[in-house]
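Here is a short report on one protein model. Look at the sequence and the 3D view, then read on.

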Amino acid sequence: MIDQRPEPPVMRSFISYDVSSAPADSREILAQTLEQFGRIPSPLGRLAVSPLALRSASSGLSAFEHGSLAALEREVLAMTMGVKNGCHYCVAFHRRSLKMLAAPAHLSEALERGAPFDSPRLEALRVFTLSLLEKTGDVSAEVWQQFLAAGFDRAAALEVVVGVAAYTLTTFANRLTQAPLD
């Protein structure tokens with residue numbers, strides 16, 4: 001009989017840096033984060049070991065935040081990515097973010113289950129995001145038409161690609177570094 005128990009997790013021992021202990025090229029971003037949020041979230045503290053990774057994550061997320069998608073739409077994309085990529089930190093973080101936006105509780109629950117929800121616009125965004133991942137950008141005509149019919153345009157489609165890229169980077173890094181919940 002084959003042993004089917006899950007393998008124990010590999011401990012990768014990434015350090016959570018702060019402003020004083022981080023590599024020099026990561027300190028400015030950590031200082032800005034500390035000033036903005038009053039703390040350095042564990043994923044960013046762990047990303048700081050690589051100034052390139054920290055800068056890339058920070059600039060990707062910042063670029064996505066400055067697009068045309070509404071805050072709730074950005075959170076739907078972020079939560080969709082967190083669930084799809086199995087990032088426990090992201091799911092918890094974006095669950096809190098949805099609460100802060102006063103999103104209905106059923107929205108967060110549906111996103112966590114991967115279930116459709118009743119808002120045609122948000123559902124089109126969720127489906128479009130998942131299709132981008134599954135089809136590596138080559139979404140079907142049906143998904144494309146659903147996205148456009150929901151009121152999104154071609155610029156928004158490319159902004160979703162930016163969001164997918166930023167959240168792929170952060171969800172993968174959070175999983176690799178085993179970022180604990182703060």
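The report covers a pocket, an arginine and the cysteines.

## About the model

This is a predicted model: local features need pLDDT of at least 70, side-chain atom pairs need 80 or more, and totals for chains, interfaces and linings use all residues. Residues are numbered from 1 along each chain as its sequence is written, and side-chain values use heavy atoms, without hydrogens or water.

## The largest pocket

The largest pocket has a volume of about 1,000 Å³. A pocket is an open set of points on a 1 Å grid over the protein atoms alone, where a 1.4 Å probe fits, with protein on both sides within 12 Å along at least five of seven lines. The volume is the space filled by probe spheres set on the points, which are joined across faces, edges and corners.

The lining counts 29 residues; lining residues have an atom within 4 Å of a point. Phe37, Leu61, Glu65, Phe93 and Tyr167 lie nearest the centre. Helix 5 gives the largest share of the lining, 7 residues. Helices are DSSP runs (H or I, at least four residues), numbered from the N terminus.

## Arginine 154

Arginine 154 lies in helix 9. Is arginine 154 buried or exposed? Arginine 154 is exposed, because its relative accessible area is 57%. Exposed means over 50%, buried under 20%, and partly exposed in between (1.4 Å probe, protein chains only).

## The cysteines

Cysteine 87 is buried, at 2% relative accessible area. Cysteine 90 is buried too, at 5%. The whole structure has 0 disulfides, meaning pairs of cysteine sulfur atoms within 2.5 Å.

Technical notes. Helix = DSSP H or I, 4+ residues; strand = E, 2+ residues; numbered from the N terminus.
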